[in-house]
Structures are given as structure tokens and as C-alpha cells.
Amino acid sequence: MKKIILTIVSLLLVLPLAVSAHTTVKTSTPTEGEEITQELTELFIEFAGEIEDQSTMTLTKKTEEQSFDTVTVQGSKLIGTFNRPLTNGSYVLSWQIAAKDGHILTGEIPFTVNLPATEEENTTNKESDTLIDEEAEASSDEESNQNDKEETTSVEEEQTSPQPETNAKEATNNSSFVTIIITILFLLLIGGVWILFRKKR
Amino acid sequence: MSQLIPVTEYVSYMLFSFLVGHVVLQFVPQTHKPIITVKKQSLLLAVLGIIILTFLPVLQVILFFSPEGLISLTSYSILTEFQVGIAWLYGSFFAVLLWMTIYVEGSKYIQALFLLLMIFSVGYASHSSTLNLWPGLFSHAIHFLVITMWVGVLLHVGWLSKDEKNWHLFLKWFTPLSIILFLTVTISGIFLMFFVVEPRDYVNSWVITYGQVLLVKHLSIIPILAFALINGFLARKVKANDQFNPIKWVQAETIILMVVFFITGVLGTLPPPHQVNATLIQEGPAPWIEFLLGQNITAPFIVQLSLHLDAVLLLIIGVLFIGLLIISFYKKISPILAVGFGIAFIISTYLGLMFSIVIK
């Protein structure tokens with residue numbers, strides 16, 4: 001039993017707390033680091049698997065929290081909406097979800113909103129015509145959808161055909177390290193052979 | 001807390017194996033198994049242990065989502081609405097029934113039924129069942145059931161039997177059974193793996209922690225097979241009056257199996273690489289891989305294998321270690337040394353494969 005405990009303890013040390021709390025975001029609007037130039041009222045993150053209903057997200061602009069008007073979970077999507085489009089500035093969208101298998105996952109998506117000057121007036125004058133706002137919302141929705149499609153296709157392209165020029169890496173193994181490893185294992189092998197065949201004679 | 005989960009998972013796998021092994025051996029006539037003494041207390045404690053240990057992952061979710069603490073409406077709703085919560089409630093319900101059945105020393109069929117239902121509850125909260133409910137649930141539950149049957153019987157025979165009485169009659173049914181179990185575990189395991197790693201991404205996933213741990217798990221199956229070969233076939237040829245002790249060798253096999261259990265526990269806590277490139281961007285590569293390869297890894301990438309001299313040397317050393325493992329049986333060396341050879345095999349093959357990685 002001592003041996004077992006020893007093995008477990010040494011394994012624990014070898015695999016030092018490799019437990020991470022992040023996972024695959026399939027797609028999101030906005031994407032990480034994206035600069036939004038259209039009015040944005042709906043933010044969503046789609047995950048690789050279904051998530052639990054209590055999953056939530058928060059949006060902060062600098063240190064100020066911008067409270068969502070609704071946050072809903074649909075299958076593997078977490079959707080947050082605002083009644084009014086986001087104003088210019090840099091935001092951090094942070095999400096806390098539980099996958100159906102009990103994995104807790106958190107993450108952050110930083111992005112900036114940088115609307116063209118004319119539209120900015122519309123959004124900063126928050127008390128202005130609601131009619132215009134609604135029109136703008138409708139159009140931004142369409143545009144963001146289009147935007148989303150483009151993004152997903154570009155991601156797929158990236159995955160299927162990696163660009164050679166950025167990835168021409170030479171396999172430069174840490175050669176002295178490799179030599180040491182080989183030597184150690186070889187010596188162990190010799191030691192093993194010696195132990196095995198010594199007893200025979 | 002999350003660091004604790006692989007340990008609790010590992011212990012609960014062991015407890016499940018202990019119970020499953022106990023139930024399976026009840027179906028075997030006394031003439032075909034060694035004399036095994038199991039205390040009722042330890043069986044009852046094992047059931048309680050499972051209830052408590054499988055609650056920890058649920059507790060983790062509860063504490064994360066309910067800042068008000070454990071006794072609150074939120075934690076109640078997590079317990080009753082989250083898939084992990086529901087799975088734990090069902091599992092514990094059947095565990096209590098199993099506990100009572102064991103307590104009154106009830107029918108082995110009823111024990112088997114409740115244990116089976118507990119295993120299916122485990123399957124319900126598995127990663128694969130959240131991706132595709134019924135195929136995922138069944139393949140996970142079958143994988144879990146079959147491996148606990150194999151390990152369970154070995155645990156009882158290896159660690160709880162008095163002597164090697166009836167050993168040959170025991171091997172007569174256990175060897176063919178373990179071949180069937182092994183094939184089932186392998187097939188269901190491959191099926192489960194394809195839920196998270198696509199076949200063409202298998203090698204690519206090696207740069208991510210999940211893929212690394214999965215590779216180590218796969219490599220450690222080979223020494224287990226070597227031990228199974230020794231215990232199942234080679235040990236038969238040893239004459240009864242010889243001083244050879246088969247039990248020690250079964251113990252050695254279970255030690256490597258325990259290593260695999262622990263690796264599996266770790267695997268369950270890691271984010272699976274559904275999309276390797278995306279996972280790499282979000283997670284970064286495995287913590288030690290860049291050092292091992294001596295190069296930085298950035299997405300997008302493709303992992304290819306090209307055999308350098310170093311890598312070939314390490315792979316050959318690995319194969320020789322497996323050879324030594326089997327020879328140490330013939331030389332009647334302590335099985336502990338054979339376990340050492342098995343672990344040396346895992347290390348050298350693992351490094352051999354790592355050094356043959358070329359990232360494009």
C-alpha cells in the first residue's frame with residue numbers, strides 16, 4: 001500500500017494542478033479583441049456543448065458594470081441583450097458558465113466599440129428619438145449577423161489551411177536535454193538488464 | 001477544491017471497482033475462486049464513500065454559482081436542475097438502497113441491479129452524455145462498468161485473497177472474461193474519445209494538456225496488457241509446487257491500473273479539445289510541452305511525426321523495457337521491479353513520441 005500512496009503522491013506532484021477553468025468558446029459576438037463599428041445590442045457566446053441555465057455573463061466598461069437587460073441561455077448559447085446600443089469605449093465581457101457535465105468555466109472577452117462619429121452622436125444623446133434608435137438597432141442586427149457569418153468562415157479557413165509563412169518553425173529540440181534523458185533511460189535499461197541476468201548466474 | 005477533484009474521482013473509481021468486484025465474485029462458485037474475505041463494514045463504508053466523494057464536483061458547482069452559500073435557494077436549484085446535481089441525486093438514491101441491501105445481506109441480483117443503476121447515474125453526468133444523451137450515456141456507463149468489473153475482480157483476488165487456492169480454476173474463467181472486457185473497454189473507450197477528439201486531431205491534440213494526459217493514459221495500457229499476458233497465460237505454465245506467487249503479480253497489475261484510474265480522474269477535469277486550434281488559443285499549450293519541444297506553439301498549427309534518431313532510440317528503449325517486464329516474470333524477480341519497467345516504458349515511449357513531434 002505504501003508503494004501505491006507513493007505513486008499517487010508523486011503523480012500529484014508531476015501533474016501540478018493542471019486543472020484549468022477555461023474551455024472552448026465556439027463563436028461569439030463580439031470576438032476577442034474585436035473592434036465593433038456597428039451598433040451592438042445583442043452579445044452572445046456559443047460554447048462547444050450545452051450549458052446550464054444559471055450560466056451568466058457580465059459586461060464591464062473600465063470598472064463600471066453595464067447591466068444587461070436580459071441574459072438567457074439557449075442550448076449552448078449564452079445571450080445578453082441591451083435595449084440601447086453600447087456606447088464607444090473598451091469593454092470586457094466576462095462569462096461564468098457550468099457545462100452540463102459539471103465543468104465550471106469562466107473567461108473574458110475584451111473588445112472595443114468604436115462607432116463612426118455621426119452615429120456616436122445618436123448613441124450618446126441617449127434621450128433622443130427612440131424611432132431612430134429602433135431603426136438603428138434593426139440594421140445593426142442584420143449587420144452583426146453578416147459579420148458573424150464572415151467571422152466563422154474565416155476561422156474555418158484558418159483551421160483548414162494554416163498559412164505557411166507564419167508557421168515555418170524549425171524543430172530545434174533542446175538537444176542537451178534530450179541527450180541527458182536518453183542517457184538516463186539507457187542507464188536504467190542497462191541496470192534492469194543487469195538485475196535480471198545477474199541472478200541467473 | 002478543483003485540485004482535489006482528480007483525487008476524489010480516483011478514490012470513487014476504486015470504491016466502485018471494489019463493490020463491482022464483490023458483486024461479480026458472488027456469481028462465481030467457491031470452487032472457481034480463491035478464498036476472499038471481505039468485511040461487511042468495508043462494503044458499507046465504500047457505498048457511503050461514493051455518495052460523499054461524488055458530491056464534491058457538485059459542491060464545486062454549487063459554491064461557484066451561489067454566493068449565499070450551501071443552504072440557499074440557488075444551491076437547491078443547482079442540485080435539482082443541473083445535470084450533475086440530478087445525476088448525484090439519482091446515484092445517491094440507489095446507493096442508499098444498495099447500502100441497505102448489503103446491510104441485510106440481500107440477494108446478489110438486487111445488489112447488482114442497484115450498482116448498475118448507480119453506474120448509469122455516473123454515465124448521465126458524463127461529458128459524452130451532455131454532447132449526445134443516449135449514445136454518450138451508454139458508452140460511458142458501459143466503459144465504466146466493464147473497467148470496474150476487471151479491476152474489481154483483480155483487486156479482490158490480488159489484495160483480499162488468503163492464498164492462491166483454486167488459482168487455475170479461477171484463471172479458467174477470468175482470462176477469457178478479461179479478454180472480452182478488455183475489448184469492450186477499448187471499443188467503448190475509442191467511441192468516447194471520438195466525442196471529444198476527432199480522429200484526425202488525435203496527434204494535434206498532443207500539444208494541449210488534455211491530449212498529453214490522454215496519450216499517457218493510452219501508453220500505460222501497454223504495460224497493463226503485458227501484465228495481463230503474464231497473469232492470464234504465462235502464469236498458467238508455472239507448476240503449482242513452484243515458489244511462484246501469482247498474487248504478487250496480480251497486485252502489480254492493479255498498481256498500473258490504479259495509475260490509469262488516476263490519469264482518468266485528471267482527464268475528467270481538463271477542458272476537452274473539441275477544436276484543437278481554438279483550445280490552444282484559449283488555453284495555451286500544455287505547460288511543459290514548449291520546454292520539451294524547444295519551440296513556441298501558436299495556432300494555427302499541425303502536428304506531424306518525423307522520427308529523429310533521438311526519438312527512435314527512446315522508442316526502442318521503451319520496447320526493451322516491455323521486454324524486461326516480461327523477462328522479469330521468467331527470472332522470478334520481484335513484480336515491483338516489473339512495475340518499474342512498466343513505468344519506464346511509459347516515460348521513454350512518451351518522450352520518444354514527444355521528440356518526434358514536428359509542428360508546422
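1. A place to start is B:Leu59, which sits in helix H3 (residues 55–65) of chain B; helices here are DSSP runs of H or I with at least four residues, strands are runs of E with at least two, and both are numbered from the N terminus. B:Leu59 counts as buried at 19% relative accessibility, where buried means under 20% relative accessible area, exposed over 50%, and partly exposed in between (1.4 Å probe, protein chains only). From B:Leu59 to B:Ala125 the separation is 66 residues along the chain and 14 Å between C-alpha atoms.

2. A word on ground rules before going further. This is a predicted model, in which local features need pLDDT of at least 70 and side-chain atom pairs count only at pLDDT 80 or more, while totals for chains, interfaces and linings use all residues. Residues are numbered from 1 along each chain as its sequence is written, chains are lettered from A and ligands numbered from 1 in the order in which they are written, and side-chain values use heavy atoms, with hydrogens and water left out.

3. Chain B as a whole is built from 15 helices and two strands. The C-alpha trace of chain B spans about 60 × 60 × 30 Å along its principal axes.

4. Of the 360 residues of chain B, 58% are buried. Among the chain B contacts with a separation of 6 or more, 78% are between residues 24 or more positions apart, a contact being heavy atoms within 4.5 Å. Chain B exposes about 14800 Å², with 72% of that supplied by carbon and sulfur atoms; areas come from the Shrake-Rupley method with a 1.4 Å probe, and for residues only the protein chains shown count as cover.

5. The charges of chain B deserve a look too: the mean positions of its 16 positive and 13 negative charges are 19 Å apart. Lys and Arg count as positive and Asp and Glu as negative, leaving out His and the chain ends, and each charge is placed at NZ of Lys, CZ of Arg, CG of Asp or CD of Glu.

6. Two loop residues in chain B are worth checking for backbone geometry. Most residues other than glycine have a negative phi, and most peptide bonds are trans. B:Glu105, although not a glycine, has a positive phi of about 50°; B:Glu105 lies in the loop between helix H5 (83–103) and helix H6 (108–124) and is exposed, with a relative accessible area of 59%. B:Lys332 also is not a glycine and has a positive phi, of about 55°. The loop holding B:Lys332 runs between helix H14 (309–330) and helix H15 (335–355), and B:Lys332 is partly exposed at 45% relative accessibility.

7. B:Ser77 brings the two chains together. It belongs to helix H4 (residues 73–81) of chain B and is buried, with a relative accessible area of 14%. Setting aside neighbours within four places in sequence, B:Ser77 is in contact with A:Gln54 and B:Phe82.

8. Turning to chain A, the tally is five helices and nine strands, in the order α-β-β-β-β-β-β-β-β-β-α-α-α-α along the sequence. Of its 201 residues, 37% count as buried. Residues 24 or more positions apart make up 62% of the chain A contacts with a separation of 6 or more. The accessible surface of chain A is about 11800 Å², of which 54% belongs to carbon and sulfur atoms.

9. Which peptide bond of chain A is cis? The bond from A:Thr29 to A:Pro30 is, with omega near 0°. A:Pro30 is placed in the loop between strand S1 (25–29) and strand S2 (35–36).

10. A:Phe82 lies in the loop between strand S7 (77–81) and strand S8 (89–98) of chain A, and it is buried, with a relative accessible area of 10%. Not counting residues up to four places away in sequence, A:Phe82 touches A:Thr41, A:Leu43, A:Leu59, A:Gln66, A:Ser67, A:Phe68 and A:Asp69. By contrast, A:Ile181 is 57 Å from A:Phe82, C-alpha to C-alpha, and 99 residues away in sequence.

11. Finally, an unreviewed UniProt entry places a "transmembrane region" at residues 177–197 of chain A; UniProt positions are given in the numbering used here, feature names are shortened, and annotations may be inferred rather than shown by experiment. In the model, residues 177–197 are 100% helix and 0% strand, with their end C-alpha atoms 30 Å apart.
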